[in-house]
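Hi everyone, thanks for coming.

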Amino acid sequence: MKYSIIVPVFNRPDEVDELLESLCHQQMKDFEVIIVEDGSQVTCADVCKKYEGQLDLKYFMKPNSGPGMSRNYGAERARGEYLIVLDSDVVVPEGYLAAIEEELQREPADAFGGPDRAHDSFTDTQKAISYSMTSFFTTGGIRGGKKKLDKFYPRSFNMGIRRDVYLKLNGFSKMRFGEDIDFSIRIFKAGCRCRLFPEAWVWHKRRTDMRKFFRQVYNSGIARINLYKKYPESLKLVHLLPMVFTVGVILLFLIACTGRVMMVYGNPADFYCWYGVVLAALAPIILYSLLILADSAWQNKSMPIGFISIGAAFVQLTGYGLGFLQAWWRRCVRGKDEFQAFEKTFYK
């Protein structure tokens, strides 16, 4: 068998239904699907039964241990030459596996990954969040785009690796967040060939509202410091940019607020001076917002999505930046152990 598709699941039966439905329409048929239920209270057992006659499908239930350990559980039971890890909230186009096969035939790879897109059926908020996570103007394009400020690291929402390499590297670590980057770092350290497959893309729902999105990116910021403590060389300039953005936005707002207060309560003769301070402080924020609005509206062909993307971009950057700062203070200054936030409410 060529491919084993491994999907860890936690309380997402409806999403698994959509993913399995999309896998039924693959042009290439030489694959199996392994669903690993990670201690869910709302299981997808009935959903999986529906597809037993249409897919080579295996369903496993296990106690909760996090996505990384669940992928390892599936890998131990897989038969494919290549293991493909997908998140439960993705949907694949019919040519997904065919695109992977074409890339591997053109040039072998030990590990690979593909980008993600927003489906037409997604809500405007989901499309805005997708934009903020993939745009060059927010993440530097490091999550699978063509323009990148850092080399490509496969992400667990759409990641493939030779089965023998996976087992040799002992798969994913016990990290709850950032475990895919941890694995990708170890793949590179082992001297493996790792490539981006641009045409092996998936539709990725991500989070459905800004509150859930903030929790996700906040933990991503924390994970970056956790990764730095394990692999100091992994921290690059691009990873500092959200923190710099966050500090800069806070300082600019404080300056603008100070200027506004002085306009009201200061010397009347200095009114226009303080007015200029307020404008100068807000100008970078306004210009960046207009850039996001124009780029997202053009890419999504929707002005409303463009406006929502402004909020998504600020949530993405400041959420990551705040998590990064908290983790830096807690781990690098105070010397505390690895941690993550929102443990009880992350999926709510």
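The expected span of a helix is 1.5 Å times one less than its number of residues. Helices here are DSSP runs of H or I with at least four residues, numbered from the N terminus. What you see is a predicted model, where local features need pLDDT of at least 70, side-chain atom pairs count only at pLDDT 80 or more, and totals for chains, interfaces and linings use all residues. Residues are numbered from 1 along each chain as its sequence is written, and side-chain values use heavy atoms, leaving out hydrogens and water.

Let's start with α10. This helix has 29 residues and reaches 41 Å from its first C-alpha to its last, close to the 42 Å expected. Its buried residues (under 20% relative accessible area, 1.4 Å probe, protein chains only) include H239, P242 and T246. The buried residues of α10 pack against α6, α9, α11 and α12.

Now, how do α10 and α11 cross? Their axes, lines fitted to C-alpha atoms over the stretch in contact, with angles from 0 to 180 degrees between N-to-C directions, come within 8 Å and cross at roughly 155°. That makes α10 roughly antiparallel to α11, a term for angles over 145 degrees. The contact (heavy atoms within 4.5 Å) involves F245, V249 and R260 of α10, among others, and W274 and Y288 are among those of α11.

Finally, α5 and α12: their axes also come within 8 Å, crossing at roughly 55°. Among the residues meeting there are K127 and Y131 in α5 and I308 and Q316 in α12. Thanks, everyone!

Definitions and conventions. Helix = DSSP H or I, 4+ residues; strand = E, 2+ residues; numbered from the N terminus. Parallel < 35°, antiparallel > 145°, perpendicular 65-115°, else oblique. Buried < 20%, exposed > 50% of the residue type's maximum accessible area, 1.4 Å probe, protein only.
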